[in-house]
Amino acid sequence: MFIYSSMRLLRMQPLGDINVIDFTQSIAGPVCTQMLGEMGAEVIKVEPPSGDAFRPLMKGSLFSAYNNGKKSICVDLKTDEGQELLTDLAAKADVLIESFRPGVLDEYGLDYDSISADNPDIVYCSLSGYGQTGPNRSFPGYDPCIQAMSGLMATTGYPDQPPVRIRSSLIDCGTGTNAAFAVMAAIRERDKTGEGDHIDVSLFDVGISWMSYWIANYDTTGEVPERNGELGIGSAPNGLFEASDGYVYLITMTQTMFERLCKAVNRSDLLDRAEYQTMDDRIEHRPTLREELHEAFASYTAEELEQLLLEARVPAAAVRSIDEVVELSHLEARSMLTESYNPEVDEPVDIAALPFTFESDGERPGYSSPPPTKGEHTTEVLEQFAYSDERIETLRINGIIE
């Protein structure tokens, strides 16, 4: 088995006295609990005997990205003894986070009302596709479905082609981040009042919140946003442009940026053209302006054009594939890759580090511990909760735990 070389913890451990029972799978919940774990919380990941269903996906890549810093226990929730065990753990927990379909945990006595009756100061967070209320509450909801229902997908792609799904699970990750923020806020409130709370966060709500300016624009103008390919909104030039060997996305949001762009690529003559004098002019004549700039960009590689424009203080970025991304010098300088472990293939793996730093740390720390193997910490956790060796062995013999 690969031996994980322990990385330096974040110096700031505000949740060092908090334990979290984690009933989540997929991405949103694990993102949330991973963030809480790296802030010092002890995260106990509860898996069914078969393990988290997302462990084998992408040969373990998905699991290894979002389950660092956790302990794994395997418990059969569908048995009376398993329910009793988990109820016992929840009664002693500071935080419980679950991502079951609304109503499912009611069947096992692990819903908020049941748990808070014995543990009134618990912070209980429910993550779901559509939330705990509303006509869609019981529907399954995954990131691409929410991209479709929230309006995000309808605005992504080209006008003469079908809508496009953004391949990264950005709504999942955003939901997990929002959940972690809400949990920490609830913990802070409990510190002041002594009272717990039930947090309801859904992928749908997050997707809608990310479409807020389009909703505001529709309310103001009555205009329904259309797919506009690679073209940006509100300014021109603003979009994807072809260089000699690839593509560059550039944005000019002000007159000054447009002037810098034209001078950088030796097309100052465009500044004298009547059709390009104002932003409204440039938006109206966007197609001809794009043709002019395509000609100017043809002599540059994508990286050359990117560097030229950035030096001229014009926002720009070459389009890169993932093999190029991991070689970026800026990524290395920011220490945005860290070594972890993929338990599904028993190998080390590079993953993205936490996307923030604290000056007090001096440098970006790695994750506190690697993703656990299935049920790796079952005995350790139960001993911690005062279960005797005899009872643990009986639970294991009866198939309640692994």
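Which residues of α1 are buried? The model is predicted, so local features need pLDDT of at least 70 and side-chain atom pairs count only at pLDDT 80 or more, while totals for chains, interfaces and linings use all residues. Residues are numbered from 1 along each chain as its sequence is written, and side-chain values use heavy atoms, with hydrogens and water left out.

The buried residues of α1 are A28, G29, P30, V31, C32, T33, Q34, L36, G37 and E38. Buried means under 20% relative accessible area, exposed over 50%, and partly exposed in between, with a 1.4 Å probe and protein chains only. Because 10 of the 11 residues of α1 are buried, this helix is largely enclosed by the rest of the structure. Helices (H or I, at least four residues) and strands (E, at least two) are DSSP runs, numbered from the N terminus. Just after α1, G40 takes a positive phi of about 110 degrees.

One partner of α1 is α6. Their axes are 7 Å apart and the helices pack at an angle of about 45 degrees. Axes are lines fitted to C-alpha atoms, for helices over the stretch in contact, and angles run from 0 to 180 degrees between N-to-C directions. Angles under 35 degrees count as roughly parallel, over 145 as roughly antiparallel, 65 to 115 as roughly perpendicular and the rest as oblique; α1 and α6 are therefore oblique to each other. On the α1 side, the contact is made by A28, V31, C32, M35 and L36, and on the α6 side by D172, C173, T175, G176, T177, A179, A180, V183 and M184. Contact means heavy atoms within 4.5 Å. These residues divide into 10 nonpolar, 3 polar and 1 charged, where Ala, Val, Leu, Ile, Met, Phe, Trp, Tyr, Cys and Pro count as nonpolar, Asp, Glu, Lys and Arg as charged, and the others, Gly among them, as polar.

The largest nonpolar core has 33 residues, and V20, L36, V95, I97, C125 and V183 have the most contacts inside it. Such a core is a set of buried Ala, Val, Leu, Ile, Met, Phe, Trp, Tyr and Cys residues joined through side-chain atoms within 4.5 Å. Two or more residues each come from α1 (28-38), β4 (95-98), β5 (123-128), α6 (170-193), β6 (197-202) and α7 (203-210). The largest share, 6 residues, is that of α6. Leaving aside neighbours within four places in sequence, V183 is in contact with L36, V95, I97, V123, C125 and I199. A second, separate core of 29 residues includes I73, A90, V104 and I400.

S169 counts as buried at 16% relative accessibility. Beyond four places in sequence, S169 is in contact with I27 and D143.

Some loops hold backbone exceptions. Most residues other than glycine have a negative phi, and most peptide bonds are trans. K59, between β2 (42-47) and α2 (61-66), has a positive phi near 55 degrees and counts as exposed at 67% relative accessibility. R313, between α12 (302-311) and β9 (316-318), has a positive phi of about 65 degrees and is exposed, with a relative accessible area of 57%. The peptide bond from A236 to P237 is cis, with omega near -5 degrees.
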